[in-house]
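Reader: I have a model open and would like to learn how to read it. Where do we begin?

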Amino acid sequence: SLLTNFLRACAKHGITAILDLHTYPGGTSIGTFSGVWPRWSRFWIYGDAPATDGNETKEDIGRELFQNFVLWVESLATEDPTAFEGLRGVSPMNEPAHLAGLFFGEKDSILDSSLEFLPELPKEMADSYLAELNDSCNQEAEGGYKCTKIPNGNHLRVLLWLRDAAETFRSSSLPSLGKELHMNIIESIFSSSDFSEKYTNPEKEKMHTIASWWRSATTPEER
């Protein structure tokens with residue numbers, strides 16, 4: 001295949017490559033790079049929300065695709081060792097939900113005026129995940145690390161998806177085989193309204209929030 005030929009070429013020349021899943025069915029961001037512009041991206045509405053939000057009849061398209069991708073990468077270790085040698089690591093999703101914060105509260109004016117690009121998690125799920133994140137933050141603070149608490153908001157859907165992707169990678173054989181997980185996340189998933197007025201520099205707090213999430217989603221050894 002194109003990918004295995006590419007990875008073999010990398011190994012032949014003594015370099016390694018990171019395979020980045022740039023987008024998923026329906027588009028994961030607003031814009032031309034990983035979306036379906038000028039249409040509203042559909043992945044978070046139809047590829048994540050139905051299954052995540054309790055509809056057991058719906059496929060969890062994004063998580064299943066990444067799980068299958070990881071299984072394929074694992075298979076290279078025995079089926080195509082040269083291609084596997086040319087792989088450094090994988091990235092689950094490129095700039096997931098880029099610009100969601102900018103378009104927060106806006107509806108799809110082209111196809112369905114009732115839909116937001118990035119829907120919020122169900123309240124019970126959001127509260128549970130937020131408690132998990134900020135409990136971890138409290139423990140970090142007790143250890144002397146200045147941890148920024150993560151605010152509630154639609155961005156929790158993205159953070160939860162990425163946490164699950166990290167767990168998929170962690171549970172595979174790839175870490176023990178020396179392969180890396182490269183997590184791609186961008187501050188534009190946050191709306192400035194997610195941060196209280198006490199912050200004089202919301203953009204800086206967005207970066208601190210990403211750092212806090214990363215510490216909660218990974219172990220010191222993984223970082």
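Author: We will go through aromatic pairs, then a helix, then strands. Note that this is a predicted model.

Reader: How is a pair of aromatic rings described?

Author: A pair of aromatic rings is described by the distance of the centres and the angle of the planes. This structure holds seven aromatic pairs. In one of them, the ring centres of Tyr 24 and Phe 43 are 5.4 Å apart and the planes stand at 40°, so the pair counts as tilted.

Reader: Which parts does the pair of Tyr 24 and Phe 43 tie together?

Author: Tyr 24 is in the loop between β1 (17–20) and α2 (43–52), whereas Phe 43 is in helix α2, so the pair ties together parts 19 residues apart in sequence. Tyr 24 and Phe 43 are both buried.

Reader: How are the rings of Phe 43 and Trp 44 arranged?

Author: Their centres are 4.9 Å apart and their planes are at 75°; planes over 60 degrees apart count as edge-to-face, so the pair of Phe 43 and Trp 44 is edge-to-face. Phe 43 and Trp 44 are both buried. Ring pairs also join Tyr 24, Phe 43, Trp 44 and Trp 161 into a cluster.

Reader: What lies over the face of Phe 84?

Author: Lys 179 does, at 4.4 Å from the ring centre.

Reader: Now the helix. Which residues of α1 are buried?

Author: Helix α1 spans residues 2–12, and its Thr 4, Leu 7, Cys 10 and Ala 11 are buried. These residues cover an arc of only 115° around the axis, which puts them on the same side of α1. Leu 2 and Lys 12 are exposed, on the face turned away from the buried side.

Reader: What covers the buried residues of α1?

Author: The cover includes β1, α3 (61–79), α4 (81–85) and β2 (87–91). After α1 comes Gly 14, which has a positive phi near 75°.

Reader: How do β1 and β2 run, parallel or antiparallel?

Author: β1 and β2 run parallel and are joined by four bridges. Asp 20 stands opposite Ser 91 in β2. As for burial, β2 is mostly covered, with four of its five residues buried.

Reader: Which strand pairs with β2 over two bridges?

Author: That is β3 (residues 180–181), and the pairing is in the parallel sense. Here Val 90 has Leu 181 in β3 as its bridge partner.

Definitions and conventions:
Residues numbered from 1 in each chain as written. Predicted model: local features only at pLDDT ≥ 70, side-chain atom pairs only at ≥ 80, totals over all residues. Heavy atoms only, no water. Phe/Tyr/Trp six-rings, centres within 6.5 Å; stacked < 30°, edge-to-face > 60°. Buried < 20%, exposed > 50% of the residue type's maximum accessible area, 1.4 Å probe, protein only. Lys NZ or Arg CZ within 6 Å of the ring centre and 35° of its normal. Arc of directions from axis to C-beta. Contact = heavy atoms within 4.5 Å. Pairing = 2+ DSSP bridges.
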